[in-house]
Amino acid sequence: MNSHRKGTPSARFTTYIDFEEINDGLTTVGETVPLRPIDVPEETNVDEEKIEPHLLPGEIMIARANNVLKFAPLKANRTGISGTLFVTNFKVSFVTSLPVETKERDMHSRSLQNRFLGVHDVCLSEVDMVNQFSEDSAKKKRLLYNTQMPPRLSGLQLVLKSLRVINFSFKFTPTGEDIRVAQALLHHAFPTSIDHLFLSCGYAPSSPGIPDFCRPADWEHELQRTRCPNWRVSKHNEFFNLCASLPTVLVVPRDLLDAQLEQAAQHFQGTRPPVWCWGTPAGAALVRMAQISPSITDKQQENRMMGLVHRCHPMRLQPKIFDLDQILPSLKEIQISYIKLRELHTPDDPTQFWEQDRHYFSRLESSRWLSHVSKCLEVAQNAATAILHQNSSVILQDASGCDLSAVISSLVQLLLDPHVRTIRGFHCLIQKEWVALGHPFTKRLGHTRNQVEEQSPVWLLFLDCVYQVSLQHHTALEFTSEYLVALWHAAHCSLHSSFMFNSVSAKYSASDVLQRENPQQPIYLRPVWSWWAENKSIIENEQNGSDEEPLDCKTSAREAFLNVHYIQKLFKSLAISGAVRRISDPLSSAYHTWQHIDCLMGETRQLPYDPATPIVPLQLDGSLRLDTSLSNLRPWLNCFCAWLSEPAMLTLNDSESLLKDSSPASHHWSHIHEMYNTMKDLLSQNLTNGAAQ
């Protein structure tokens with residue numbers, strides 16, 4: 001995507017340059033100094049018309065800078081490659097004909113946005129900060145969208161929300177091009193409104209079959225699956241007249257009339273009344289609600305709603321109320337921790353890298369990030385215990401009803417519901433708890449520039465909690481920590497609509513705005529889950545002859561995202577006498593286990609979830625007990641240190657255990673494929689013999 005298009009191959013050679021020994025503008029291309037290597041294309045033989053990035057439908061070129069150097073990370077800005085830097089209305093694209101660093105290609109292949117972005121591309125919504133820097137000075141200056149630009153820029157440093165730093169030098173760039181690129185970047189990376197981002201790439205996504213929890217049938221299915229009694233689906237928010245941040249349908253107490261629901265909602269912050277999100281057949285419900293509005297002194301409506309939750313329980317057991325504002329860190333505290341975490345994991349140069357390495361764990365501890373993770377896991381486990389062992393309904397209450405309540409509610413379901421531990425179930429969980437129930441991704445992840453004070457990476461906090469669960473129960477989850485990393489990175493790509501908006505209502509509004517502005521072009525917003533069902537040919541047709549090899553890395557990505565130990569556990573459950581015979585019986589559990597394995601490992605391997613698949617009733621499983629003490633938690637290195645050339649822990653004695661990735665070795669997958677093919681052969685022979693008889 002980000003190489004030269006097909007045409008006459010451009011000549012190139014390697015020159016050796018050290019910036020400290022170059023006088024501005026005096027060193028000519030081809031003149032050599034035997035120091036650090038920088039690969040530079042030979043400009044005289046390059047057809048400039050061919051040096052351009054791949055553009056998606058509707059993507060527009062805004063600015064370009066020629067003869068730009070991109071530096072390798074942590075190399076003191078000495079080792080880099082030469083190319084052309086572009087800014088479009090979707091991305092920053094560095095185009096070069098030179099080979100891609102192995103680490104960059106590997107990270108790119110294991111991302112959910114590799115179909116839209118090349119190895120050297122960065123989505124504008126991923127940019128966190130833009131700094132001006134100089135090769136001969138350690139000082140850097142942050143550039144803002146309203147900054148007065150200097151007459152000349154030595155270089156730009158991009159600090160990304162994925163905790164990555166990229167440095168570009170304009171040492172050899174023609175005057176004026178550096179300023180135009182910087183201005184375009186600052187203007188388009190920090191929009192005033194979410195609909196100013198590039199949200200639609202012009203063609204429809206493949207359907208992942210994941211319910212969006214905006215239809216009555218989706219919530220009805222969830223009620224049927226959990227078999228939780230005495231709750232009903234209300235359509236009273238059909239036009240977002242009740243609450244703009246909730247979906248069009250809600251699950252509320254059976255005895256609550258819609259008129260009473262509307263009256264009660266006015267007493268809660270954001271008009272978000274208590275809503276059901278999950279429950280058990282014994283009647284223990286998991287409920288989320290906002291705090292009473294500060295202007296309301298009468299708590300009668302709050303007490304009345306809690307009383308209704310009480311009466312929904314078949315045994316009339318008193319619900320347990322978790323006031324998350326009192327027992328968990330505030331959004332501001334989470335943001336402060338994240339800023340310290342970002343500073344720790346985005347060093348500018350080797351000197352800062354090694355300085356931070358010597359004090360890594362003390363600085364990590366001072367950030368209090370793992371303390372916040374520990375507290376969330378502790379509260380979730382307490383809530384899960386109340387549901388599982390005391391059969392109590394649980395009410396999760398936070399200020400807005402859409403932040404930390406989403407974290408705890410999701411973790412409770414992960415700890416108790418085996419369905420949620422599968423890829424499909426995890427997708428449904430996120431779509432329900434985070435997308436449909438209105439976590440404000442735009443505000444919390446800083447997708448626009450006018451809500452800086454409301455930023456707080458609650459989403460990252462949740463993913464880190466799930467990572468800790470995966471460490472303590474390595475066979476329990478169908479997905480790996482690498483998939484969690486991919487979800488964090490995907491949350492900053494504007495083409496993944498799942499993580500772009502504050503609510504479903506905001507998504508509809510943005511789509512309407514885009515459609516009015518582009519009446520001749522259909523607007524397609526893509527849920528992130530469509531990656532699993534994406535058809536390779538669609539993207540290849542869009543590449544229009546790029547000379548870069550096709551970016552279909554989904555086989556390796558799937559194996560990185562799927563937990564081989566979980567699949568081994570599935571196979572183990574079939575390794576008993578009569579397995580082949582039982583697999584052929586549609587009424588047996590072995591049959592469903594095999595169908596699950598075949599879906600994960602079959603030839604299509606697209607996990608094409610069929611909404612018509614029969615509902616499997618909830619079977620509670622409380623086996624995921626956690627040690628939430630800080631001493632038993634680990635820094636999420638393959639997320640925080642993903643882009644570092646050398647993780648900062650390599651010098652520590654316990655680095656081997658800390659750096660142990662959850663991704664399995666290739667020989668594990670070879671063994672799994674061998675078992676799968678053997679089982680397929682046995683089933684085929686069994687069917688053949690049956691037909692012959």
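α7 and α9 cross in a left-handed manner. This is a predicted model. Helix α7 spans residues 331-345 and helix α9 spans residues 360-367. Their axes come within 8 Å and cross at roughly 160°. Angles over 145 degrees count as roughly antiparallel, so α7 is roughly antiparallel to α9. On the α7 side, the contact residues are S337, K340, L341, E343, L344 and H345. They meet Y360, R363, L364, S366 and S367 in α9. By class, this contact has 4 nonpolar, 4 polar and 3 charged residues.

Two further pairs share helix α14. Helix α12 covers residues 423-436, and helix α14 covers residues 458-472. They pack at an angle of about 150°, with axes 14 Å apart. That makes α12 roughly antiparallel to α14. The crossing of α12 and α14 is right-handed. F426, L429, I430 and W434 in α12 meet V458, W459, F462 and V466 in α14. The residues of this contact divide into 8 nonpolar, no polar and no charged.

From α14, the contact takes W459, L460, L463, V466 and Y467. From α15, the contact takes S481, L484, L487 and W488. Its residues divide into 8 nonpolar, 1 polar and no charged. W459 and V466 of α14 meet α12, and W459 and V466 also meet α15.

| α7 with α9 | 4 nonpolar residues | 4 polar residues | 3 charged residues |

Which strand order does the open sheet of 4 strands have? The order is β13-β14-β16-β15, with mixed pairing. β13 (275-279) and β15 (320-323) stand at the edges. Each has a single partner strand, so one side of each is left without a neighbour in the sheet. Neighbouring strands are turned by 20° against each other on average, direction ignored.

β15 pairs with strand β16 (residues 394-398) in the parallel sense, over 4 bridges. F322 stands opposite L396 in β16.

Helix α5 (residues 300-312) packs on the sheet. α5 touches β14 (285-290), β15 and β16. The direction of α5 makes about 150° with that of β16. Helix α10 (residues 369-390) also packs on the sheet, touching β13, β14, β15 and β16. The direction of α10 makes about 175° with that of β15.

Does the length of α10 agree or disagree with its residue count? At 1.5 Å a residue, its 22 residues should span 32 Å. The end C-alpha atoms are 31 Å apart, which agrees. Just after α10, N391 takes a positive phi of about 55°.

Methods:
Residues numbered from 1 in each chain as written. Predicted model: local features only at pLDDT ≥ 70, side-chain atom pairs only at ≥ 80, totals over all residues. Heavy atoms only, no water. Axes fitted to C-alpha atoms, helices over the stretch in contact; angles between N-to-C directions. Helix = DSSP H or I, 4+ residues; strand = E, 2+ residues; numbered from the N terminus. Parallel < 35°, antiparallel > 145°, perpendicular 65-115°, else oblique. Left-handed = near helix turned anticlockwise from the far one by under 90°. Contact = heavy atoms within 4.5 Å. Nonpolar A, V, L, I, M, F, W, Y, C, P; charged D, E, K, R; others polar. Pairing = 2+ DSSP bridges. Expected span 1.5 Å × (residues − 1).
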